[in-house]
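Colleague: Could we go through this model together? I would like to begin with its pockets.

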Amino acid sequence: MARNRGYGSYRGRASFTDILKWIAVALAILILAAIGLLVWGQQYLVSTDKGIQFRPPFLEFFHPASSSEDVSNDFSIIVDTSGSQSQTPDPEPEPEPEPEPVLTAAAAALEAAADGSALQQVAQAGGNAIILEMKSPQGRLAWQTENSMAVQAGAVSSDNIDAQLEALGQGETPLIALFDCFQDHALAASESYAILSNSGYKWTDPDKVRWSSPTNPLVQDYQVSLMVELAELGFDEIVLQNWGYPDEGNLNWIRVGEAYDPNQLDQIVESFLAKARRALEPYGVKLSVMVSPAVLSGENLLSGQTGAAIDRWTDRVWVRPNSPEDDLDALLTQAGITNSQERLVRIADTLDLTSERPQAALTPVGPAG
């Protein structure tokens with residue numbers, strides 16, 4: 001018999017099926033190992049501030065526990081769970097704004113504003129806000145302006161107290177401007193801006209004061225531009241007086257026509273209030289109005305002033321009662337003005353320091369002493 005000379009018998013090459021078998025066996029081993037790790041290793045998963053770490057017991061042999069040892073030296077598997085388990089912290093609640101103190105405003109003379117004693121005088125009278133007459137029924141302005149209509153009318157004050165006004169406006173004590181709108185003797189010296197009589201003369205009221213016409217858009221713009229200047233000086237509130245058409249005197253002498261249409265008075269007056277409100281909004285200035293009880297009760301419809309316009313466009317309503325017994329809250333409610341408890345400011349000659357309601361004393365306080 002012939003020898004094979006050290007060679008084994010030839011069995012052929014491994015088939016593709018054999019290779020697949022070995023791969024399947026390897027995958028099965030890996031799967032079983034993973035399942036075993038998950039079942040057996042769950043007890044060694046530790047939650048830390050760095051995530052979930054895997055700490056098998058045999059690692060203690062290489063890294064014995066020590067209170068002084070930094071945990072970061074441990075061999076561990078860190079699982080980042082911040083994306084799935086992180087929670088947005090609740091926002092910090094905003095602090096409640098402090099309630100606004102009850103208004104007790106007192107008037108001071110412009111001379112007191114000029115010499116710096118206004119704040120002391122008002123505080124001595126028990127007031128917490130300063131009232132200054134910034135535009136008078138004569139149309140005179142208490143500050144300097146370059147407004148061409150004011151300059152032409154001779155309405156600009158000869159005294160320059162703008163720096164003192166700005167200093168008051170930057171202080172903690174609220175600064176309030178009394179502003180007479182259309183009862184404006186200076187501006188109405190021009191027929192172009194005045195309410196005219198049937199005979200073509202400039203109409204005057206019982207105090208012999210001329211009125212500018214609310215119907216005239218230029219007159220409205222003039223008043224609003226002056227209010228904006230007061231806001232820029234630092235005033236916190238502007239209180240409008242005579243902000244409608246005249247309601248006293250020989251009204252039948254007023255020439256009826258495009259400049260004075262009794263059927264449109266309330267619409268024109270409301271459009272003026274809306275224009276003023278929008279102009280003052282960027283400054284955060286309160287727009288308030290002074291109104292008579294007769295207007296609120298509906299007895300006086302001659303001025304064009306209405307409760308609806310007051311409610312829609314103004315912040316506070318300043319009213320001087322006809323008698324101490326007048327229920328001004330009821331009058332505001334009757335006129336359709338909401339939140340009368342907060343918006344009503346009762347006008348008096350002197351402050352009632354026992355009252356807990358908003359009030360204003362329009363008689364200028366005297367020197368402190």
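Modeller: A pocket here is an open set of points on a 1 Å grid over the protein atoms alone, where a 1.4 Å probe fits, with protein on both sides within 12 Å along at least five of seven lines; lining residues have an atom within 4 Å of a point. This is a predicted model: local features need pLDDT of at least 70, side-chain atom pairs count only at pLDDT 80 or more, and totals for chains, interfaces and linings use all residues. Residues are numbered from 1 along each chain as its sequence is written, and side-chain values use heavy atoms, with hydrogens and water left out.

Colleague: Which residues lie closest to the centre of the largest pocket?

Modeller: About 680 Å³ of space lies in the largest pocket, a volume being the space filled by probe spheres set on grid points joined across faces, edges and corners. Its lining has 26 residues, and Asn242, Asp247, Glu248, Met290 and Ser292 are the closest to the centre.

Colleague: What is the phi of Asn242?

Modeller: Phi of Asn242 is near 50°, a positive value in a residue other than glycine. Asn242 counts as partly exposed because its relative accessibility is 27% (buried is under 20%, exposed over 50%, partly exposed in between, with a 1.4 Å probe and protein chains only).

Colleague: New topic: why does Lys208 count as exposed?

Modeller: Lys208 counts as exposed because its relative accessibility is 62%. Phi of Lys208 is near 60°, again positive in a residue other than glycine.
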